[in-house]
Amino acid sequence: MFGTVSFDRTGERRPTTSKAAPAVIVSSRRSTSRLDIAFRTCGRADMPAIMFVHGNLSSSIFWEDIMTAVQGDYYSIAPDLRGFGATQAMPVDARLGLDDMALDLLGLADDLGLGRFHLVGHSMGGGVAMKMLIRKPRSIESVTLVDPVSPFGYGGSRDVTGTPCYPDGAPAGAGMVNPEFVTRLRDGDRSRSSPLSPRCVMENLYFNPPFVPDRIEALLDGMLEARVGEDGYPGDVLASENWPGSAPGERGVLNAMSRRYFDASGITEVDPKPPLLWVRGDSDQIVADGAALEIANLGALGQVPGWPGMDRCPPQPMVQQTRAVLEEYARRGGSFRECVLEGVGHTPFIEAPEAFNRLLAGFLGA
């Protein structure tokens, strides 16, 4: 169930486009009963379908190269989630723990007549994919999770079973993000004038430096399309008596991913259980045991004052939590494979496209 894939990292910029025959990415819109969704498609609609779900602070544009790579065998659909890309700017209800996004995409799949389809989710999109599986397992042919958010969310839990640190969800949510980054994101800053500029955050955290994708400007466009505010990114903030003084509010993306509201461990109970592939980079700084952005880890490193210690707020064991839930998934009749790409950060399908494509093709063709 576990494998490590090596690939040669030279540090040089490398093209991430496929060598396959040219394919056309089509941008479309569909008004569903829930909202107006923008999405990209590639391939013939009569072929087996794959839905690609992007992560936080990105958009469907992140999937274009992989959609091109599989165009000979699959019909690819990559939607923009609510609050991102060109999809209608509807509020994110944090209390639903990403269920609103999951229902949006299941509604789109119904409207497009996909029937059963493969599902690939990256980062936060992995959390959306897990919620889609819980909601409608008979529609899902397979699930691929790429550096996914833990089944117990991002922040606010302290062990492999997802035990909350505090009842109000601290330390997690919108209050954990640096205000300067939020301001620069809102202003559409494309500079390198600060480590907290969106470009620098993308280059240093989305990928494992010194790798920089050739399409960095287009990917930065996708990041900057996010709706910034209390209904989108990062969300609203509640005062808390617990460290570090704030807790997840009831609106917005980061609150929806917090342990207070997000719990996808119910995938272990779905029936049927489609096969599952878990792909991650061994140098991921965003989703990791000791993640660079997780507030309890920053407290343990002495970067946030007042940290209450390992007994109360240890760094969240994100990878261990995911593995524990997937092992339970397998014990209950499902199957999964964990593949780790060496020298790769948070976005394997961009950093190591050939290795990722081989893993995906082998999994879908099994």
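Accessible areas come from the Shrake-Rupley method with a 1.4 Å probe. With that in hand, keep in mind that what you see is a predicted model, and start by showing the surface of the whole protein chain. This accessible surface comes to about 14000 Å², and carbon and sulfur atoms account for 49% of that area.

Next, switch to a cartoon view. You will find eleven helices and 13 strands in the protein chain. The chain is as compact as a globular protein of its length, because its radius of gyration of 19 Å is close to the 21 Å that the globule rule gives for 366 residues.

Now look inside. Of the 366 residues, 60% count as buried. If you display contacts between residues at least 6 apart in sequence, 72% of them join residues at least 24 apart.

Then select the charged side chains. There are 35 positive and 45 negative ones, and the centres of the two sets lie 3 Å apart.

For the last stop, zoom in on Ser139. Where does Ser139 sit? Ser139 belongs to the loop between α3 (124-135) and β7 (140-146). Is Ser139 buried or exposed? Its relative accessible area is 12%, and buried means under 20%, so Ser139 is buried. To see its surroundings, select Gly115, Arg116 and Phe117: Ser139 touches these residues, leaving aside those up to four places away in sequence.

Technical notes: Residues numbered from 1 in each chain as written. Predicted model: local features only at pLDDT ≥ 70, side-chain atom pairs only at ≥ 80, totals over all residues. Heavy atoms only, no water. Helix = DSSP H or I, 4+ residues; strand = E, 2+ residues; numbered from the N terminus. Rg over C-alpha atoms; globule rule 2.2 N^0.38 Å. Buried < 20%, exposed > 50% of the residue type's maximum accessible area, 1.4 Å probe, protein only. Contact = heavy atoms within 4.5 Å. Lys, Arg positive; Asp, Glu negative; His and termini not counted. Charge placed at Lys NZ, Arg CZ, Asp CG, Glu CD.
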